[in-house]
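User: I would like to learn how to read a predicted protein model. Please take me through it feature by feature.

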Amino acid sequence: MAGDALAPVCGAASTLLFTLPEPVLVLYLGVFGGFLLYIGASDILPQAHSQHSSVSTIMLTLLGVLFIFIITRLT
């Protein structure tokens, strides 16, 4: 339990010891974001539609895709 409480504090404190160059940080965040998208697309999304397949679930999924599309076009 103490380790769980200390882990975020140690992680935040470690940022004082080193910094990542911007090109490395961009790659790190890209891989991390891609991993989260993979989890959502391969596991969470199919489970949501298999048990609770309804018009509202499908519409909200399409709305989420449209939202991501618009955000990526604005940046």
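Analyst: Start with the elements. A helix here is a DSSP run of H or I with at least four residues, and helices are numbered from the N terminus. By that numbering, Phe32 sits in helix H2. Bear in mind that this is a predicted model.

User: How many helices and strands does the protein have?

Analyst: There are three helices and zero strands. Along the sequence the pattern reads α-α-α. The radius of gyration is 18 Å, well over the 11 Å that the globule rule gives for 75 residues, so the protein is more spread out than a compact globule. The C-alpha trace spans about 50 × 40 × 15 Å along its principal axes.

User: Where is confidence lowest, and where is it highest?

Analyst: The general idea comes first. Where pLDDT is low, predicted coordinates should not be read in detail. In this case the mean pLDDT is 85, and 93% of the residues reach 70 or more. Confidence is lowest in H2, at a mean of 84. It is highest in helix H1 (residues 2-14), at 91.

User: What share of the residues is buried?

Analyst: Buried means under 20% relative accessible area, and exposed means over 50%. Buried residues make up 1% of the 75 residues. The accessible surface comes to about 6,700 Å², and 77% of that belongs to carbon and sulfur atoms.

User: Is Phe32 buried, exposed or partly exposed, and which class does Ile70 fall in?

Analyst: Phe32 has a relative accessible area of 44%, so it is partly exposed. Ile70 lies in helix H3 (residues 55-74). At 40%, Ile70 is partly exposed as well. From Ile70 to Leu27 is 43 residues in sequence and 23 Å in space, C-alpha to C-alpha.

User: How many aromatic pairs are there?

Analyst: Two rings pair if their centres lie within 6.5 Å, and planes under 30 degrees apart count as stacked. The count comes to one aromatic pair. The ring centres of Tyr28 and Phe32 are 6.5 Å apart and their planes are at 15°, so this pair is stacked. Both residues lie in helix H2 (residues 22-51). They are four residues apart, about one turn of the helix.

User: Which residues form the nonpolar patch on the surface?

Analyst: The members are Leu17, Phe18, Leu20, Val24, Leu25, Tyr28, Leu29, Phe32, Phe35, Leu36 and Tyr38. Together they have about 1,200 Å² of accessible area. Tyr28 and Phe32, the stacked pair, are both among them.

Definitions and conventions
Residues are numbered from 1 along each chain as its sequence is written. This is a predicted model: local features need pLDDT of at least 70, side-chain atom pairs count only at pLDDT 80 or more; totals for chains, interfaces and linings use all residues. Side-chain values use heavy atoms; hydrogens and water are left out. Rings of Phe, Tyr and Trp (its six-membered ring) pair if their centres lie within 6.5 Å; planes under 30 degrees apart count as stacked, over 60 as edge-to-face and the rest as tilted. Helices (H or I, at least four residues) and strands (E, at least two) are DSSP runs, numbered from the N terminus. Patches are made of residues with over 30% relative accessible area and no salt bridge: like charges are joined within 9 Å, nonpolar side chains (Val, Leu, Ile, Met, Phe, Trp, Tyr) within 5 Å. Accessible areas come from the Shrake-Rupley method with a 1.4 Å probe; for residues, only the protein chains shown count as cover. A salt bridge is a side-chain nitrogen of Lys or Arg within 4 Å of a carboxyl oxygen of Asp or Glu. Buried means under 20% relative accessible area, exposed over 50%, partly exposed in between (1.4 Å probe, protein chains only). The radius of gyration is taken over C-alpha atoms; the globule rule is 2.2 Å times the number of residues to the power 0.38. pLDDT is the predictor's confidence in each residue, from 0 to 100.
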